[in-house]
Amino acid sequence: VIPAAGPTYDAGDFKLDLLFQRPRVAWRLPGCARPGYDERWAYVQGEFGGTRWAVRRDSGETDVLAYSDLRLVVGLERKLVGGLSRKWELGYVFNRDIEFDSVGYDSALDDSLFFRAGMSD
């Protein structure tokens, strides 16, 4: 468990979230017809990613595989109060690493790009 903590600054059209694991700078795009109800935002965000999996090796031995990375993400988001909000993100993933606990195996992976999209109510 890693706690999330950090300062947040909100100036209406500009937001700065310096939260550990996911710092973000966002600004509201001009031309929002109904601020507070229908808004379009652009942002740049950093992410610390990773997870751990329990695995069974070919020998039958159990092990833990850990993956970690750092991400730089740019995105566009449309927030609709009472409607379907959506976002599109393009990210660069670097400092990628995998490691097995039992054998001390550690390997760096190549950098990568990703695209993700999401919707929320």
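**Reading hairpins, bridges and burial**

Guide: Strands β6 and β7 form a hairpin with five residues between them. In its turn, G104 has a positive phi of about 70°.

Visitor: What am I looking at, and how are residues counted?

Guide: This is a predicted model, with residues numbered from 1 along each chain as its sequence is written. Local features need pLDDT of at least 70, side-chain atom pairs count only at pLDDT 80 or more, totals for chains, interfaces and linings use all residues, and side-chain values use heavy atoms, without hydrogens and water.

Visitor: How many bridges join β6 to β7?

Guide: Strands are DSSP E runs of at least two residues, numbered from the N terminus. Two strands pair if DSSP finds at least two bridges between them. Four bridges join β6 to β7 (residues 106-109), and the two run antiparallel. Look at R96: L109 in β7 stands opposite this residue.

Visitor: Which residue takes a positive phi in the hairpin of β5 and β6?

Guide: G82 does, with phi near 80°. That hairpin has four residues between its strands. β5 (residues 62-80) and β6 (residues 85-100) run antiparallel and are joined by 13 bridges.

Visitor: Turn to charges. How many salt bridges does the count come to?

Guide: Side chains of opposite charge can pair when their charged atoms come close. The rule for a salt bridge is a side-chain nitrogen of Lys or Arg within 4 Å of a carboxyl oxygen of Asp or Glu. Here the count comes to 13. Take D13 and R28, whose closest N and O atoms are 2.6 Å apart. They link distant parts of the chain, 15 residues apart. D13 is in the loop between β1 (8-10) and β2 (14-17), while R28 belongs to β3 (residues 24-28).

Visitor: Are D13 and R28 buried or partly exposed?

Guide: Buried means under 20% relative accessible area, exposed over 50%, and partly exposed in between (1.4 Å probe, protein chains only). D13 is partly exposed, at 46%. R28 is buried, at 18%.

Visitor: What else does the side chain of R28 reach?

Guide: A polar contact is a pair of N or O atoms within 3.5 Å; within protein, one must be able to donate a hydrogen and the other to accept it, and residues adjacent in sequence count only if both atoms are side-chain atoms. The R28 side chain reaches the backbone oxygen of G12 at 2.9 Å. With the side chain of E39, R28 makes a polar contact of 2.4 Å. Leaving aside neighbours within four places in sequence, R28 is in contact with G12, D13, P35, G36, E39, R40 and W41.

Visitor: R40 is on that list. With which residue does R40 form a salt bridge?

Guide: With D38; their closest N and O atoms are 3.8 Å apart. R40 is partly exposed, with a relative accessible area of 33%. D38 counts as buried at 12%.

Visitor: Where does the charged end of R57 sit?

Guide: A charge sits over a ring if NZ of Lys or CZ of Arg is within 6 Å of the ring centre and within 35 degrees of the ring normal. The charged end of R57 sits over the ring of F100, 4.6 Å from its centre. K15 does likewise over the ring of W41, at 4.7 Å. R57 also forms a salt bridge with D63, the closest N and O atoms being 3.5 Å apart. D63 is buried at 6% relative accessibility, whereas R57 is partly exposed at 26%. Elsewhere, salt bridges that share partners join R22, E47, D69, R71, K87, E89 and R116 into one network.

Notes: Contact means heavy atoms within 4.5 Å.
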